[in-house]
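Q: Could you walk me through this structure? I am new to it and would like to go slowly.

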Amino acid sequence: MHLKSLAAALCLVAMPVEASSLYVKYDISLTGLKIGEGALSVDLQDQSYKIHGQGKMAAFGNFVSDGSGNVLATGSVSPQGLNPNSFSMRAEEDGKPNTVSLSMANGAVTGTKIHPAQDRMNERIKVTDAHKRGVIDPLTAVLLPAPKGLHPDSCKRTIPIFDGRDRYDLVLDYKTKYQKRGGRKGYSGGVLTCSARYKAIAGHRPNRKTIQQLEANTSMEIHLAEVPGKPYLLLYRARLMTPAGPLNIQNVRFKILN
């Protein structure tokens, strides 16, 4: 997983409403310089959800390439949480297309289409059918079921993700929480801060330096904001120290569309 892929992946107080439709915008910066931006439209109904994301990145040395993309995740809602039905990504990096399409049911991947195909397969940990069960897509992962709200227990979880090529876990734990006053366009309310660790499972090349650095990195934080009127938390901010400096994904707009 490249730094730019991690940024894209990661790229995501009001009166309660029956259904929450939100528009959230993020700025992406590296070493304090803005290198990209992204936005999410979240439609969370009682029995279904849809998340649409779009973003773009500017080249930054050898760490980030020019790119843009659109992602879409849909699924159903149950008392146990979110159940993905589909995930699609259409992206372009340095003029080269990158597409992913996943079909899912009951927590398992039932169909996968990717372009381009992975290379150097003999160096990779093979993705098996077992790796594709009990997983969610990377966009659904920005919206976390949290019946306890901002309680520290809401951080204590492992998120099993399959992105069409790689299977990995994000292991969260509680770090702190705070109040945020975002003004007219920003989010105002409680924010839960979780530490996060990346754990590669399959699809990756275990001898690759970037994978080893990600797994050893203890600096990753994920900040989560409350979804108005719903027992869910949404990505508010993410932070990671990289060899080039701090990478930040910061919410800059939080708007209720209902």
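A: What follows is a chat about confidence, strands, and the links between side chains.

Q: Before we start, what kind of model is it, and which rules apply?
A: This is a predicted model, in which local features need pLDDT of at least 70 and side-chain atom pairs count only at pLDDT 80 or more, while totals for chains, interfaces and linings use all residues. Residues are numbered from 1 along each chain as its sequence is written, and side-chain values use heavy atoms, with hydrogens and water left out.

Q: What is the mean pLDDT of the protein?
A: The mean pLDDT is 90, and 89% of the residues reach 70 or more; pLDDT is the predictor's confidence in each residue, from 0 to 100. Over residues 1–19, however, the pLDDT is below 50, and beyond near neighbours in sequence this stretch has 56 contacts in the model, a contact being heavy atoms within 4.5 Å.

Q: How should I read places where pLDDT is low?
A: Where pLDDT is low, the predicted coordinates should not be read in detail.

Q: OK, strands next. How many bridges join β3 to β4?
A: There are 10 bridges between strand β3 (residues 48–57) and strand β4 (residues 67–78), and the two run antiparallel. Strands (E, at least two residues) and helices (H or I, at least four) are DSSP runs, numbered from the N terminus, and two strands pair if DSSP finds at least two bridges between them. Within this pairing, Gly55 has Gly69 in β4 as its bridge partner.

Q: And what joins β4 to β5?
A: A hairpin joins β4 to β5 through 2 residues, and 12 bridges hold between β4 and strand β5 (residues 81–93), which run antiparallel. Thr74 stands opposite Ser86 in β5.

Q: Switching topic: how many disulfides does the search find?
A: A search of the whole structure finds 1 disulfide, where a disulfide is a pair of cysteine sulfur atoms within 2.5 Å. Cys155 and Cys194 form a disulfide with their sulfur atoms 2.0 Å apart. The torsion about the S-S bond of Cys155 and Cys194 is about -80 degrees, so the disulfide is left-handed.

Q: Where do Cys155 and Cys194 lie?
A: Cys155 lies in the loop between β8 (143–145) and β9 (157–162) and Cys194 in strand β11 (residues 189–202), so the pair ties together parts that are 39 residues apart in sequence.

Q: Is Cys155 buried or exposed, and why?
A: Cys155 counts as buried because its relative accessibility is 0%, and Cys194 is buried as well, with a relative accessible area of 0%. Here buried means under 20% relative accessible area, exposed over 50%, and partly exposed in between, with a 1.4 Å probe and protein chains only.

Q: What about aromatic pairs, how many are there?
A: The search of the whole structure finds 3 aromatic pairs. Rings of Phe, Tyr and Trp (its six-membered ring) pair if their centres lie within 6.5 Å, and planes under 30 degrees apart count as stacked, over 60 as edge-to-face and the rest as tilted. Tyr168 and Tyr198 form a tilted pair, 5.3 Å centre to centre and with 35 degrees between the planes. This pair links distant parts of the chain, with Tyr168 in strand β10 (residues 167–180) and Tyr198 in strand β11, 30 residues apart. Both Tyr168 and Tyr198 are buried.

Q: Which residues form an aromatic cluster?
A: Tyr187, Tyr236 and Phe254 form one aromatic cluster.

Q: Now charges: how many salt bridges are found?
A: A search of the whole structure finds 11 salt bridges, each being a side-chain nitrogen of Lys or Arg within 4 Å of a carboxyl oxygen of Asp or Glu. In one of them the side chains of Glu37 and Lys56 meet at 3.9 Å, N to O, and this pair links distant parts of the chain, Glu37 in strand β2 and Lys56 in strand β3, 19 residues apart. Asp27, Lys34, Glu37 and Lys56 are linked in a network of salt bridges.

Q: Which side chain meets Arg205?
A: The side chain of Glu123 meets Arg205 in a salt bridge (3.5 Å, N to O). Arg205 counts as buried at 15% relative accessibility, whereas Glu123 counts as partly exposed at 36%.

Q: Last one: which peptide bond is cis?
A: The peptide bond from His115 to Pro116 is cis, with omega near 0 degrees, and Pro116 has its place in the loop between β7 (108–115) and β8.
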